[in-house]
Amino acid sequence: GKSVDAAAGRLVNRVFGLRLIPDRVYEGESWFDDGREIIIDYADTSWSFFYMRDEVRRVADGVFLGRSYYRKGERGKYVLTFAMDFRGGAA
């Protein structure tokens with residue numbers, strides 16, 4: 001899960017209910033297609049995930065599709081695709 005502080009531009013990933021992996025959130029250019037994305041960046045906030053960068057794009061109301069990149073080269077190396085569903089209800 002994720003805990004979001006939109007005003008501060010921060011997000012914290014929760015692992016087993018613990019707030020463990022902080023990151024910085026901002027709008028920026030996609031490494032995938034140069035479009036505008038919400039960037040979830042760990043470079044300045046997490047010593048264990050500093051080499052990771054996520055990009056997310058809204059695909060429906062409350063649903064976001066994301067891609068994770070490993071920082072390697074100019075645009076990183078694609079790692080995986082994920083989805084985030086903020087529509088509520090149990091998964």
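Visitor: Which strand gives the nonpolar patch its largest share?
Guide: In this predicted model, strand 7 supplies the largest share of the nonpolar patch, with three residues.

Visitor: Which residues form that patch, and what accessible area do they have together?
Guide: The patch on the surface consists of Tyr70, Tyr78, Val79 and Leu80. Together they have about 340 Å² of accessible area.

Visitor: Take Tyr78. Where does it lie, and is it buried, partly exposed or exposed?
Guide: Tyr78 belongs to strand 7. Its relative accessibility is 38%, so it counts as partly exposed, the class between 20% and 50%.

Visitor: How many bridges join strand 3 to strand 4?
Guide: Six bridges join strand 3 to strand 4 (residues 36-41), and the two run antiparallel. Within this pairing, Gly28 has Glu37 of strand 4 as its bridge partner.

Visitor: And what joins strand 4 to strand 5?
Guide: Four bridges join strand 4 to strand 5 (residues 52-60), again antiparallel. Here Ile39 stands opposite Glu55 in strand 5.

Visitor: What about strand 5 and strand 6?
Guide: Eight bridges join these antiparallel strands, strand 6 covering residues 63-70. Val56 stands opposite Gly66 in strand 6. Strand 5 and strand 6 form a hairpin with two residues between them. In the turn, Gly62 has a positive phi of about 75 degrees.

Visitor: Back to strand 3. Is Glu29 buried, partly exposed or exposed?
Guide: Glu29, found in strand 3 (residues 18-29), has a relative accessible area of 44% and is therefore partly exposed.

Visitor: Which residues does Glu29 touch?
Guide: Not counting residues up to four places away in sequence, Glu29 touches Asp34, Gly35, Arg36, Ile39, Arg53, Glu55 and Arg75. Two of these, Ile39 and Glu55, stand opposite one another.

Visitor: How many Å apart are Glu29 and Asp85 in space?
Guide: From C-alpha to C-alpha, Glu29 and Asp85 are 22 Å apart, and in sequence they are 56 residues apart.

Notes:
Residues numbered from 1 in each chain as written. Predicted model: local features only at pLDDT ≥ 70, side-chain atom pairs only at ≥ 80, totals over all residues. Heavy atoms only, no water. Buried < 20%, exposed > 50% of the residue type's maximum accessible area, 1.4 Å probe, protein only. Contact = heavy atoms within 4.5 Å. Pairing = 2+ DSSP bridges. Patch = residues over 30% accessible without salt bridge, like charges linked within 9 Å, V, L, I, M, F, W, Y side chains within 5 Å. Areas by Shrake-Rupley, 256 points an atom, 1.4 Å probe, with all protein chains shown as cover. Salt bridge = Lys/Arg side-chain N within 4 Å of Asp/Glu carboxyl O.
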